[in-house]
Amino acid sequence: MIEVDHLSKIYGSTQAITDVTFSVEPGEILGFLGPNGAGKTTTMRILAGYLPATSGTARIAGFDVHEQSLQVRQRIGYLPETPPLYPEMTVEGFLYFVARIKGVSAGDRTTKVKAAIERCNLQDKRHVIIRKLSKGYRQRVGIAQAIVHDPPAIILDEPTVGLDPRQIIEVRNLIKSLAGTHTIILSTHILPEVSMTCSRVAIINRGKVVATNTPEQLLTQLTGGSGYELEIGGEANLAKQVLLNLPGVSQVESIPLAAMHGYSPKDNRAYLRVISQPGVEPGKDIAAALLHTGFDLYEMRRVSATLEDVFLQLTTEEKNMQTEADSAVNEEEAA
Ligand SMILES: Nc1ncnc2c1ncn2[C@@H]1O[C@H](COP(=O)(O)OP(=O)(O)OP(=O)(O)O)[C@@H](O)[C@H]1O
């Protein structure tokens, strides 16, 4: 239903997105997840036909977002980061207005507006002026304007930002209720939003899609399942060599500072995460090998990888690689 093929966008000298490729199947909710500045809004605006790409193509229901923007706009609902509302209109008046400009025929408008109001649970507010609504209700009106012409595809850019926890749950439930009959892209920087709402996730970092999969498969693909976190006394690289030689150990990495929940790092200690092969329990061997080779073992605990680990791993590795590349360029320039 939505096909994005090698999209890139350059603003002046800023490369906002590079070679972004993914697709969304009919009825699916795809979470488009990335840290601030990753390129989510740029991608969403291109898909909605509001911004031309520098290169690449995107198709919605078979129509090119740039070449056939009129057909595309009839087939998508778009909720930008700031909903486009007319504050002096009533909820119902505004939805009639949007239905008209989205090309809903006069005969169909009443049914469509009524359906959008019911779907977004706005019955009590239909005659209220938008300016007087709370942020949560305004967001519902934003979603109602996106779906009033009953489009097959919906693009939501950070739909729960600024809402209180109760409103967040309501808006997430509303989005989930739209899946199946609609194809949805939900852009967000909030991890739990993806695990709670989406069937698949594309992770974007520094303008590039670094992974696309179901949340469960991302965990298996990138971490191989569960593992252990260790706090040891001694040199991290030596310990990594010792541990990588053990049967059942597939990966050993330093825990990034940002992911050190519950640890306050101390000098001369190393903090490692050991990933074990699925179905293997190498805990006893890890402890024995470390003590045998002269390391102190201060803490060892079993951990199940979370989507947060995967997200941090993907977004931190990319950053590290980029920092290394940047410093290589700087060294070359200095030489
Ligand atoms: N109009 C613009 N002119 C120049 N640079 C821009 C423009 N819009 C975005 N950028 C840059 O492009 C990059 C991607 O921005 P974008 O808004 O798409 O990211 P985002 O993932 O939506 O971030 P956020 O979650 O903070 O909204 C950033 O480096 C941003 O500074």
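The legends below describe close-up views of a predicted model.

Residues are numbered from 1 along each chain as its sequence is written. In this predicted model, local features need pLDDT of at least 70 and side-chain atom pairs count only at pLDDT 80 or more, while totals for chains, interfaces and linings use all residues.

**View 1. The chain as a whole contains 11 helices and 14 strands.** Helices (H or I, at least four residues) and strands (E, at least two) are DSSP runs, numbered from the N terminus. Of the 335 residues of the chain, 35% are buried; a residue is buried if 20 or more other C-beta atoms, placed from the backbone, lie within 10 Å of its own. Among contacts with a separation of 6 or more, 71% join residues 24 or more positions apart. Two residues are in contact if their C-beta atoms, placed from the backbone, lie within 7 Å.

**View 2. The shell around the ligand holds 13 residues.** Tyr11, Ala16, Asn36, Thr41 and Thr42 come nearest. Strand E2 (14–24) and helix H1 (40–47) each contribute at least two residues, and H1 gives the most, with three. By type, the shell has three nonpolar residues, nine polar and one charged. Here Ala, Val, Leu, Ile, Met, Phe, Trp, Tyr, Cys and Pro count as nonpolar, Asp, Glu, Lys and Arg as charged, and the others, Gly among them, as polar.

**View 3. Six strands form an open sheet with mixed pairing, in the order E6-E7-E8-E3-E9-E10.** Its edges are strand E6 (76–79) and strand E10 (208–213), each pairing on one side only. Neighbouring strands are turned by 15° against each other on average, direction ignored. Two strands pair if DSSP finds at least two bridges between them. Strand E7 (residues 153–157) and strand E8 (residues 183–188) are parallel and share five bridges, with Ile155 as the bridge partner of Ile185 in E8.

**View 4. Strand E3 (29–33) is buried at five of its five residues.** Ile29, Gly31 and Leu33 are buried on one side, and Leu30 and Phe32 on the other, so that both faces are covered. E3 runs parallel to E8, to which five bridges join it; Leu33 stands opposite Thr188 in E8. Four bridges join E3 to strand E9 (residues 200–205), also in parallel, and Phe32 stands opposite Ala202 in E9. Helix H6 (residues 165–178) lies across E3, E7 and E8, at about 150° to E8. Axes are lines fitted to C-alpha atoms, for helices over the stretch in contact, and angles run from 0 to 180 degrees between N-to-C directions.

**View 5. Helix H5 (residues 135–147) packs on the sheet, touching E6 and E7.** The direction of H5 makes about 160° with that of E6. From first C-alpha to last, the 13 residues of H5 reach 19 Å, close to the 18 Å expected at 1.5 Å a residue; the expected span is 1.5 Å times one less than the number of residues. Because 11 of its 13 residues are buried, H5 is largely enclosed by the rest of the structure. Among the buried residues are Tyr137, Arg138, Val141, Ile143 and Ile147. Their cover includes E6, helix H3 (91–101), helix H4 (106–119), E7 and H6.

Technical notes
Near = placed C-beta within 6 Å. Buried ≥ 20, exposed ≤ 12 C-beta atoms within 10 Å, placed from the backbone.
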